[in-house]
Amino acid sequence: MAAQAIEQVVEQGQSLSNVLPALQQKVSDKDKALLQELCFGVLRTLSQMEWLINKLMSRPMTGKQRTLHYLIMVGFYQLLYTRVPPHAALAETVEGAVAIKRPQLKGLINGVLRQFQRQQEPLLAEFATSESRFLHPGWLLTRLQKAYPQQWESIVEANNLRPPMWLRVNRNHHSRDAWLALLEASGQQGFPHSDYPDAVRLASPAPVQALPGFDQGWVTVQDASAQGCMNFLQPQNGEQILDLCAAPGGKTTHILEVAPEANVLAVDVDEQRLSRVYDNLKRLGMKAQVKQGDGRFPAQWCGDQQFDRILLDAPCSATGVIRRHPDIKWLRRDRDIPELVQLQSAILDAIWSHLKPGGTLVYATCSVLPEENSLQIAEFLKRTPDAQLSGTGTPAQPGQQNLPGAEEGDGFYYAKLIKQ
């Protein structure tokens with residue numbers, strides 16, 4: 001199943017978050033976590049797995065045998081990175097050929113995996129000096145090196161780690177400190193974030209059912225950097241607030257935790273993803289108006305309505321959240337970036353006219369690429385005389401860019417703009 005999931009991502013361009021849940025339904029609860037670990041792990045280390053196959057096989061598998069290419073990767077990953085005993089990893093991977101209805105290739109898979117076991121040390125030493133060692137596609141490495149000549153290696157390193165688990169404490173139920181005490185009483189440990197007042201990092205990730213009051217809406221799983229939006233938006237009760245590109249609704253519900261009496265409109269272009277906004281509102285017992293709509297054409301879904309505050313969590317390359325979604329590295333293409341920049345620009349221009357004079361717009365992305373962030377906002381400020389940057393950077397270098405760090409939040413960008 002892991003091999004089939006990885007094939008769908010790499011060969012068909014499907015997102016792992018769309019492919020994995022359906023497959024997890026088919027396995028027992030105890031195997032769900034293993035299936036997830038294998039899929040995430042192989043996609044995190046894909047360029048290493050590809051490199052090893054090229055070293056150990058004279059020609060790649062193609063056509064109907066392509067799934068076996070990914071099955072071998074799953075074998076390598078277990079041998080290198082999991083606690084699965086080597087003999088079991090080998091035997092189960094070989095048996096995978098039978099499940100894929102290619103039993104005649106069991107010998108080939110067995111041979112490649114055993115050869116890897118014999119040559120593991122020299123192979124890994126050679127890989128450590130290869131161009132593939134950064135586990136990122138070349139186009140993305142080039143962009144990161146250009147944008148962050150001093151920091152690109154630490155960004156890449158953070159992208160290749162497992163992400164920390166961050167939570168947002170619902171201030172309408174408990175203060176952060178009070179909830180942390182409940183967490184400790186349950187035998188778990190958490191740490192507050194120095195800048196974001198509702199954020200808690202778990203010492204080790206846990207299933208949501210193990211978190212005190214999760215079902216009652218006391219906490220939400222949300223990365224610390226995503227929570228930072230509220231520091232800049234500062235929603236107030238009684239205001240008309242638009243959350244644009246709102247799905248899955250994490251920021252919509254955060255707005256309502258900070259300002260429970262605000263009138264919030266949550267809009268997203270993707271009707272399917274809007275169901276998750278409804279789910280989040282329901283779990284937290286909150287009300288907001290939810291609409292499907294395209295950010296480039298606001299008149300279609302809000303007429304001539306004006307808002308006190310707008311949060312535009314713009315569609316982006318998601319290059320700041322690669323450690324959470326390692327498939328992004330292989331699904332994105334260099335040519336996607338100019339298209340995304342154009343889309344962001346069109347949405348910014350269209351929605352600006354719906355902001356009241358004196359109102360606040362927070363532009364946010366989960367990207368680390370300047371084209372989508374500081375350069376995007378610098379261009380917007382040049383062509384929009386009634387837009388003023390507030391408390392985030394300078395007109396020459398607008399906005400605040402968070403980079404991913406081992407125990408910090410994801411890569412994220414914010415720019416706060418006030419309408420004159």
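Domain bounds here come from an automatic or database domain assignment. That assignment gives domain 1 (1-135) and domain 2 (224-419). The centres of domain 1 and domain 2, taken over C-alpha atoms, are separated by 37 Å. The model is predicted: local features need pLDDT of at least 70, side-chain atom pairs count only at pLDDT 80 or more, and totals for chains, interfaces and linings use all residues. Residues are numbered from 1 along each chain as its sequence is written, and side-chain values use heavy atoms, with hydrogens and water left out.

The interface between the domains was examined next. Contact (heavy atoms within 4.5 Å) involves 12 residues of domain 1 and seven residues of domain 2. The size of an interface is often given as the accessible area lost when the parts come together. Buried area is that loss, computed with a 1.4 Å probe and summed over both parts. Between domain 1 and domain 2 it is about 770 Å². Carbon and sulfur atoms give 65% of this area. A salt bridge requires a side-chain nitrogen of Lys or Arg within 4 Å of a carboxyl oxygen of Asp or Glu. Four residue pairs, both at pLDDT 80 or more, are in polar contact between domain 1 and domain 2.

Helices (H or I, at least four residues) and strands (E, at least two) are DSSP runs, numbered from the N terminus. On the side of domain 1 that touches domain 2, α2 (16-24), α3 (29-44) and α4 (46-56) each supply at least two residues. The largest share, three residues, comes from α3.

UniProt, in an unreviewed entry, places the feature "domain: SAM-dependent MTase RsmB/NOP-type" at residues 155-420. Such annotations may be inferred rather than shown by experiment. The span 155-420 is 31% helix and 24% strand, and its end C-alpha atoms lie 37 Å apart.

The loop between β5 (240-244) and α13 (250-258) holds Pro248. The peptide bond from Ala247 to Pro248 is cis, with omega near 5 degrees. Cys245 lies in the loop between β5 and α13. Its phi is positive, near 65 degrees, in a residue other than glycine.

The whole structure contains 20 salt bridges. Arg143 lies in helix α8 (residues 138-147) and Asp334 in the loop between α16 (328-331) and α17 (336-352), so the pair ties together parts that are 191 residues apart in sequence.

Notes:
Buried area = accessible area lost by both parts, 1.4 Å probe. Polar contact = N/O pair within 3.5 Å; in protein donor to acceptor, adjacent residues only side chain to side chain.
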